[in-house]
Amino acid sequence: MIKPKKKNPILRTRLPTLPPGARSRAALGLTAAAALGRFELQQCRDCQAVQYPPREACHRCLSIRLVWKIQSGKGELLAETLLHHSNDLFFRERLPWRLGLVRLECGPTVVAHLHSDIEKNSSKVTIRAMLDRAGQAVLAALPDKETSNMADDRQLREFTCDPKFRKVLVTDGKTALGQSLVRILVEAGADLVWVGYSEPWKKFPGFSELQKIPQVTLLPLDVTDSKNVREVAAEIGGKVDILVNNAEFHRAFGIGNRAGVETARSEMDVNYFGLLRLAQEFAPAMRARGADGQSSAVAWVNLLSVYALANFPPHGTFSASKAAAHSLAQCLRAEMRPAGVRVVNVFPGPIDDEWNQLTPPPKVAPGALAKAMVRALQEGVEDVYPGDVAQEWLERWRDNPKALERELSA
């Protein structure tokens, strides 16, 4: 992919446009699966028919006993077309646009956005469910086999938040996770990575190594200081394409094992109010840049915790602060969506750091968590649950939240 040209500062910034976003309630099941990076279709429990588009009843036997099942996505390209005209404002600005008709191995025939690496005489493709700029599920047809620079496709890049050629802010570079994030973002092709660090009078481990990376710029950033956050946003807010908020304050214990509210207040000040301060200062500038071409503002990543779904009493107040941050992140997602900026929430299990020292494995290594966060950007995923504990926790929570609460309290 050729690096996008710099924006002409004299020209007015274009206003964001979104693809058609109307969906039925049944179709939102496809969106829910796409947000997790899954391709699921409705399957009838009575006659086993797989159907698309989603409906309230089975197209074959009219049963309403429908469940969403993961599909392989393998299919055959039947026909294709290249759009040169559209009355929709979103596609009008992005023509020409390639579409195709694909028959899936599981049965249905679907209309999908075609990757440019799919050759005209090719028949085998793989369908993926992805989120568009409006946050709704669409189907993209990719080559059956991996190709070089596959992520650079112009149409595919509209559905992802690939950090390649983009400018990224990582809010905390003092932790092992933050430093891993910086290195992986640089490897992924980020043009520039700003790395925040609080208490600038202290030299943290790895400081000198980060300074040696040409794409990295270190800057003092304390998410508990409203004045500092405002000043940093005034300096770089209009340039940030991806913001990764990985700053967090984590201490063990719940209510009865700790006197006073000072530690819980610190957890809320970083984990909840820190996100609120960042959102108030950076979000307006990022919303205004939602249509700056292929290198526009595209994503906001929040490091939450699987403890946000159901409180884990041994880390009770930390769980509460992450639950509050999760609720605020949902509000931020709704406010950023009209500009086409995706809010990615990351729910890891216990991270292998000093505050989870007494937690038995499996734990998520900081490097593995960083890779999962960058992969979510590259694949256009909205919710990520890295690690075995997070995956099991999610399944139990989706199956029966009350049962999970009882299991954790025991």
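Author: Two strands pair if DSSP finds at least two bridges between them. Strands (E, at least two residues) and helices (H or I, at least four) are DSSP runs, numbered from the N terminus. This is a predicted model, in which local features need pLDDT of at least 70 and side-chain atom pairs count only at pLDDT 80 or more, while totals for chains, interfaces and linings use all residues. Residues are numbered from 1 along each chain as its sequence is written, and side-chain values use heavy atoms, with hydrogens and water left out.

Reader: What makes β5 and β6 a pair?

Author: Strand β5 (residues 97–104) and strand β6 (residues 109–114) share five bridges, in the antiparallel sense. At least two are needed, so the strands pair. One of the bridges joins R103 to T109 in β6.

Reader: Which strands form the closed barrel?

Author: The barrel has five strands in the order β4-β5-β6-β8-β7, with mixed pairing. From one strand to the next, the twist averages 45 degrees.

Reader: How do you know that C44 is in no disulfide?

Author: A disulfide is a pair of cysteine sulfur atoms within 2.5 Å. The nearest cysteine sulfur to that of C44 belongs to C61, 3.6 Å away, so C44 is in no disulfide. For C47 the nearest is that of C58, also 3.6 Å away, and C47 is in no disulfide either. The count by this rule is zero.

Reader: Why is C44 called buried, and why is C47 called partly exposed?

Author: Buried means under 20% relative accessible area, exposed over 50%, and partly exposed in between (1.4 Å probe, protein chains only). C44 has 0% relative accessibility, so C44 counts as buried. C47 has 24%, so C47 counts as partly exposed.

Technical notes:
Axes fitted to C-alpha atoms, helices over the stretch in contact; angles between N-to-C directions.
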